[in-house]
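Open the model in your viewer and keep the selection panel at hand.

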Amino acid sequence: IEANHAFYNYKFPPCPFAKSARLKGMMDIQVWEKGSFIQFVKDHANNMHNGNFAVTILVFPHSLKYRFWMKKSIAKLNTKLVSLDLYAQIGSAIKTKSNYSGLLETGPYGIVIINKLSDILNGHQSLLKTDYYKSWSDEHYKAVVTRRQEIVNK
(Lines give C-alpha, C1' and ligand atoms only; values in the text may rest on other atoms or scores of the structure.)
Protein backbone atom coordinates (compact mmCIF):
# COMPACT_ATOMS: atom_id res chain seq x y z
CA ILE A 1 0.00 0.00 0.00
CA GLU A 2 3.05 2.22 0.17
CA ALA A 3 4.44 1.30 -3.22
CA ASN A 4 3.33 1.20 -6.84
CA HIS A 5 3.19 -2.32 -8.23
CA ALA A 6 2.95 -4.10 -11.57
CA PHE A 7 -0.14 -6.00 -10.35
CA TYR A 8 -2.03 -2.70 -10.61
CA ASN A 9 -0.14 -1.64 -13.76
CA TYR A 10 1.60 0.97 -11.58
CA LYS A 11 -1.64 2.99 -11.68
CA PHE A 12 -2.18 3.55 -7.98
CA PRO A 13 0.06 5.93 -6.08
CA PRO A 14 1.21 4.88 -2.61
CA CYS A 15 -1.31 5.51 0.15
CA PRO A 16 -0.22 8.68 1.96
CA PHE A 17 -2.11 7.69 5.12
CA ALA A 18 -0.37 4.31 5.40
CA LYS A 19 3.08 5.82 5.05
CA SER A 20 2.31 8.58 7.54
CA ALA A 21 0.97 6.08 10.11
CA ARG A 22 4.08 3.92 9.76
CA LEU A 23 6.48 6.85 10.07
CA LYS A 24 4.65 8.15 13.16
CA GLY A 25 4.76 4.74 14.87
CA MET A 26 0.98 4.41 14.68
CA MET A 27 1.04 1.10 12.78
CA ASP A 28 1.00 -2.35 14.33
CA ILE A 29 1.75 -5.58 12.44
CA GLN A 30 0.65 -8.95 13.83
CA VAL A 31 1.24 -12.39 12.31
CA TRP A 32 -1.35 -15.17 12.55
CA GLU A 33 0.14 -18.43 13.79
CA LYS A 34 -2.79 -20.70 14.65
CA GLY A 35 -6.49 -20.74 15.46
CA SER A 36 -9.46 -19.01 13.90
CA PHE A 37 -8.67 -16.33 11.32
CA ILE A 38 -11.82 -14.40 12.23
CA GLN A 39 -11.19 -14.56 15.97
CA PHE A 40 -7.65 -13.29 15.33
CA VAL A 41 -9.10 -10.30 13.44
CA LYS A 42 -11.70 -9.65 16.16
CA ASP A 43 -9.10 -9.83 18.93
CA HIS A 44 -6.78 -7.36 17.21
CA ALA A 45 -9.65 -5.03 16.33
CA ASN A 46 -10.55 -4.93 20.03
CA ASN A 47 -6.90 -4.35 20.95
CA MET A 48 -6.69 -1.57 18.40
CA HIS A 49 -9.86 0.07 19.70
CA ASN A 50 -8.31 0.15 23.18
CA GLY A 51 -4.79 1.13 22.06
CA ASN A 52 -2.77 3.81 20.34
CA PHE A 53 -2.55 2.50 16.78
CA ALA A 54 -4.31 4.01 13.77
CA VAL A 55 -3.54 1.00 11.55
CA THR A 56 -3.12 -2.69 12.31
CA ILE A 57 -1.95 -5.06 9.59
CA LEU A 58 -2.70 -8.72 10.18
CA VAL A 59 -0.62 -11.17 8.18
CA PHE A 60 -2.01 -14.54 7.05
CA PRO A 61 -1.04 -17.42 4.74
CA HIS A 62 -1.30 -16.83 0.99
CA SER A 63 -4.27 -19.22 0.79
CA LEU A 64 -6.42 -16.68 2.66
CA LYS A 65 -7.61 -15.35 -0.69
CA TYR A 66 -8.93 -18.82 -1.59
CA ARG A 67 -11.08 -19.02 1.53
CA PHE A 68 -14.36 -17.76 0.03
CA TRP A 69 -15.95 -17.15 3.43
CA MET A 70 -13.22 -14.76 4.58
CA LYS A 71 -14.41 -11.75 2.54
CA LYS A 72 -17.98 -12.28 3.72
CA SER A 73 -16.81 -12.66 7.31
CA ILE A 74 -14.82 -9.42 7.15
CA ALA A 75 -17.79 -7.58 5.62
CA LYS A 76 -20.05 -8.88 8.41
CA LEU A 77 -17.47 -7.93 11.03
CA ASN A 78 -17.27 -4.42 9.58
CA THR A 79 -20.93 -3.84 10.42
CA LYS A 80 -19.85 -4.05 14.07
CA LEU A 81 -16.44 -2.41 13.73
CA VAL A 82 -17.78 0.86 12.32
CA SER A 83 -19.40 1.65 15.68
CA LEU A 84 -15.90 1.35 17.18
CA ASP A 85 -14.53 3.77 14.54
CA LEU A 86 -12.70 0.91 12.80
CA TYR A 87 -12.81 -0.64 9.33
CA ALA A 88 -11.18 -3.85 8.05
CA GLN A 89 -10.08 -4.45 4.46
CA ILE A 90 -8.86 -7.81 3.12
CA GLY A 91 -6.08 -8.02 0.54
CA SER A 92 -2.62 -9.30 -0.34
CA ALA A 93 0.84 -8.02 0.47
CA ILE A 94 1.79 -8.03 -3.20
CA LYS A 95 5.57 -7.62 -2.90
CA THR A 96 5.96 -10.46 -0.39
CA LYS A 97 6.42 -14.22 -0.55
CA SER A 98 4.66 -16.31 2.08
CA ASN A 99 6.83 -18.41 4.37
CA TYR A 100 3.87 -20.42 5.66
CA SER A 101 4.20 -24.12 4.84
CA GLY A 102 1.90 -25.87 2.36
CA LEU A 103 1.30 -26.23 -1.36
CA LEU A 104 -1.02 -23.21 -1.58
CA GLU A 105 1.29 -20.91 0.38
CA THR A 106 3.85 -19.98 -2.29
CA GLY A 107 2.37 -16.59 -3.20
CA PRO A 108 2.22 -13.29 -1.31
CA TYR A 109 0.93 -13.08 2.23
CA GLY A 110 -2.78 -12.50 2.74
CA ILE A 111 -3.49 -9.46 4.89
CA VAL A 112 -6.32 -7.79 6.71
CA ILE A 113 -5.76 -4.10 7.36
CA ILE A 114 -7.75 -2.52 10.18
CA ASN A 115 -7.86 1.27 10.05
CA LYS A 116 -9.25 3.91 12.31
CA LEU A 117 -12.33 4.73 10.24
CA SER A 118 -12.53 8.46 10.96
CA ASP A 119 -8.92 8.91 9.79
CA ILE A 120 -9.63 7.03 6.57
CA LEU A 121 -12.83 8.96 5.85
CA ASN A 122 -11.10 12.30 6.52
CA GLY A 123 -8.19 11.23 4.32
CA HIS A 124 -10.61 10.23 1.58
CA GLN A 125 -12.20 13.69 1.66
CA SER A 126 -8.76 15.26 1.28
CA LEU A 127 -7.84 12.91 -1.58
CA LEU A 128 -11.06 13.82 -3.41
CA LYS A 129 -9.58 17.31 -3.83
CA THR A 130 -6.58 15.85 -5.70
CA ASP A 131 -6.12 13.57 -8.70
CA TYR A 132 -5.27 10.60 -6.44
CA TYR A 133 -8.20 8.51 -7.69
CA LYS A 134 -7.82 9.55 -11.34
CA SER A 135 -6.17 6.33 -12.49
CA TRP A 136 -8.41 4.03 -10.44
CA SER A 137 -10.77 1.80 -12.39
CA ASP A 138 -14.46 1.98 -11.46
CA GLU A 139 -14.20 -1.60 -10.20
CA HIS A 140 -11.30 -0.83 -7.86
CA TYR A 141 -12.90 2.37 -6.57
CA LYS A 142 -16.12 0.48 -5.85
CA ALA A 143 -14.24 -2.34 -4.08
CA VAL A 144 -12.28 0.03 -1.85
CA VAL A 145 -14.22 3.27 -1.43
CA THR A 146 -17.85 2.63 -2.33
CA ARG A 147 -18.12 -0.62 -0.37
CA ARG A 148 -16.66 1.06 2.72
CA GLN A 149 -19.09 3.98 2.44
CA GLU A 150 -22.05 1.64 2.03
CA ILE A 151 -21.16 -0.16 5.25
CA VAL A 152 -20.70 3.15 7.07
CA ASN A 153 -24.08 4.38 5.81
CA LYS A 154 -25.85 1.23 7.04
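Select Val 112. Beyond its neighbours within four places in sequence, Val 112 is in contact (heavy atoms within 4.5 Å) with Val 41, Thr 56, Ile 57, Leu 58, Phe 60, Met 70, Ile 74, Ala 88, Gln 89 and Ile 90. This is a predicted model: local features need pLDDT of at least 70, side-chain atom pairs count only at pLDDT 80 or more, and totals for chains, interfaces and linings use all residues. Numbering runs from 1 along each chain as its sequence is written, and side-chain values use heavy atoms, with hydrogens and water left out.

With Val 112, they have the most contacts inside the largest nonpolar core, a set of 29 residues. A nonpolar core consists of buried Ala, Val, Leu, Ile, Met, Phe, Trp, Tyr and Cys residues joined through side-chain atoms within 4.5 Å. Buried means under 20% relative accessible area, with a 1.4 Å probe and protein chains only.

Which elements give two or more residues to this core? Colour helix H2 (37-49), strand S2 (55-60), helix H3 (68-81), strand S3 (86-92) and strand S4 (110-116). H2 gives the largest share, six residues.

Next, select Tyr 132, Tyr 133, Val 144 and Val 145. They are among the six residues of a second, separate core.

Zoom out to the cartoon. The chain has five helices and four strands, in the order α-β-α-β-α-β-β-α-α. These are DSSP runs: helices are H or I of at least four residues, strands E of at least two, numbered from the N terminus. Of the 154 residues, 39% are buried.

Key
Buried < 20%, exposed > 50% of the residue type's maximum accessible area, 1.4 Å probe, protein only.
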